[in-house]
Every structure is written in C-alpha cells, then in structure tokens.
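This report walks through one protein chain, from single residues to the whole fold. Please keep the sequence and the model in view while reading.

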Amino acid sequence: MTRARSQADRLLATVTLLAGLLVLTLGWYGVSGTPYPAEQLPYLISGGIGALFLLGLSATLWLSADLRDEWRKLDRIERAIRETPWEDGQHAVESYRPVDVSSGAVPDTVSDTDAADADAPTARLDRQNGGREPSSVSAGDRV
C-alpha cells in the first residue's frame, strides 16, 4: 500500500492506459459486427477518440512522474553539494560569488585575485580526484 501511494501517478497512468485499451477494444468489437459504415461511425467516434484521449493522458501522466523523479534526484544532488565542505572548510555556497549585472554593466577586466578564485573550485576537485582528468573519474568517485 505504501508503494502504491508513493507511485500514485504511475498507478493512475497504468489505469488510464488499461481503460484506453479497453475502450479501443470495445470500439473495434462494435465496428467489426456490422458491414455498414453508417453503423460503424458511432463506434469510431466514441471508441477511437475516447481511446486516443485516455492513451494520451496515460502517456502524459507517466512522463510527468518521470520528470518529478528527475527533479527529486537533482534536488538531492544539489543538497549534497551544498552540504559538502571543501578541504578549506568552506561550503560550495560560500565559495560562490555571483556577479551583480542588474545595472547592465559587465566588468571589463578580471583581476588576478578573481582569476585565482575562479580556478579554486577546479583545483579543489582535481585534488579530491587525485589529479586525474575528468574523463578518468569513475561513477563512485567523490567529486
């Protein structure tokens, strides 16, 4: 029951998928019983359009569930990054300094200290990964 509550969106997507397939099957069964196009039209309209709506709703619900899962993963990753201190004791958020561009002015030059600060996070990551190139870092490594 707990799993059903946590996956309610996927459960609803599955139910609408099954309902869409049922409506499509019933529409086909109604059409197959008569050779006259005038008698087939109501089945095509109700069964076909209803089934398309239910199948589209099912696909939308499933994709929405997938996107929600991805956002949860990204939130966990961001929280872990923010809570992980660097070697010098600072947190990632503390070492980040946004540039104020609200006035529309962009700095013309970067001072030497700003350039050194810009390389600092990369240097920290290099030290944590033993100086390896990013392409040789495996999935289990701490970055």
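Isoleucine 81 sits in helix H3, which covers residues 37-83. Helices here are DSSP runs of H or I with at least four residues, strands are E runs of at least two, and both are numbered from the N terminus. The model is predicted, so local features need pLDDT of at least 70 and side-chain atom pairs count only at pLDDT 80 or more, while totals for chains, interfaces and linings use all residues. Residues are numbered from 1 along each chain as its sequence is written, and side-chain values use heavy atoms, with hydrogens and water left out.

**A nonpolar patch**

Isoleucine 81 has a relative accessible area of 48% and is therefore partly exposed. Buried means under 20% relative accessible area, exposed means over 50%, and partly exposed lies in between (1.4 Å probe, protein chains only). Ile81 belongs to a nonpolar surface patch together with Leu67, Trp71, Leu74 and Ile77. The patch comes to about 550 Å². Patch residues have over 30% relative accessible area and no salt bridge; like charges are joined within 9 Å, and nonpolar side chains (Val, Leu, Ile, Met, Phe, Trp, Tyr) within 5 Å.

Helix H2 runs over residues 8-32. Its 25 residues should span 36 Å at 1.5 Å a residue, and the end C-alpha atoms are 36 Å apart, so the two values agree. The expected span is 1.5 Å times one less than the number of residues.

Which residues of H2 are buried? They are Asp9, Arg10, Ala13, Thr16, Gly20, Gly27, Gly30 and Val31. These buried residues pack against helix H1 (2-6) and H3. Contact here means heavy atoms within 4.5 Å.

Serine 58, in helix H3, is buried because its relative accessibility is 6%. Leaving aside residues up to four places away in sequence, Ser58 touches Ala13, Thr16 and Leu17. The serine 58 side chain also reaches the backbone oxygen of alanine 13, at 2.7 Å. A polar contact is a pair of N or O atoms within 3.5 Å; within protein, one must be able to donate a hydrogen and the other to accept it, and residues adjacent in sequence count only if both atoms are side-chain atoms.

Serine 64 lies in helix H3 as well. Serine 64 is partly exposed, because its relative accessibility is 30%. The C-alpha atoms of serine 64 and aspartate 9 are 8.1 Å apart in space, although the two residues are 55 apart in sequence.

**A charged network**

Side chains of opposite charge can pair when their charged atoms come close. A salt bridge is a side-chain nitrogen of Lys or Arg within 4 Å of a carboxyl oxygen of Asp or Glu. The count by this rule is 6. Arg10, Asp66, Asp69 and Arg72 are linked in a network of such bridges.

| Salt bridge | N to O distance |
|---|---|
| Asp66 and Arg10 | 2.5 Å |
| Asp69 and Arg10 | 2.7 Å |
| Asp69 and Arg72 | 3.1 Å |

Aspartate 66 and arginine 10 form a salt bridge at 2.5 Å. Aspartate 66 lies in H3 and arginine 10 in H2, so this pair ties together parts 56 residues apart in sequence. Aspartate 69 bridges to arginine 10 at 2.7 Å. Aspartate 69 is in H3 and arginine 10 in H2, so here the parts tied together are 59 residues apart in sequence. Aspartate 69 and arginine 72 both lie in H3, 3 residues apart, about one turn of the helix.

Is arginine 10 buried or exposed? Arginine 10 is buried, at 15% relative accessible area. Aspartate 66 is partly exposed at 31%. Aspartate 69 is partly exposed at 21%, and arginine 72 is partly exposed at 43%.

**The whole chain**

The protein chain has 5 helices and 0 strands. From the N terminus the elements run α-α-α-α-α. Of its 143 residues, 13% count as buried. Among contacts between residues at least 6 apart in sequence, 54% join residues at least 24 apart. The accessible surface comes to about 11,200 Å², with 64% belonging to carbon and sulfur atoms. Accessible areas come from the Shrake-Rupley method with a 1.4 Å probe; for residues, only the protein chains shown count as cover.
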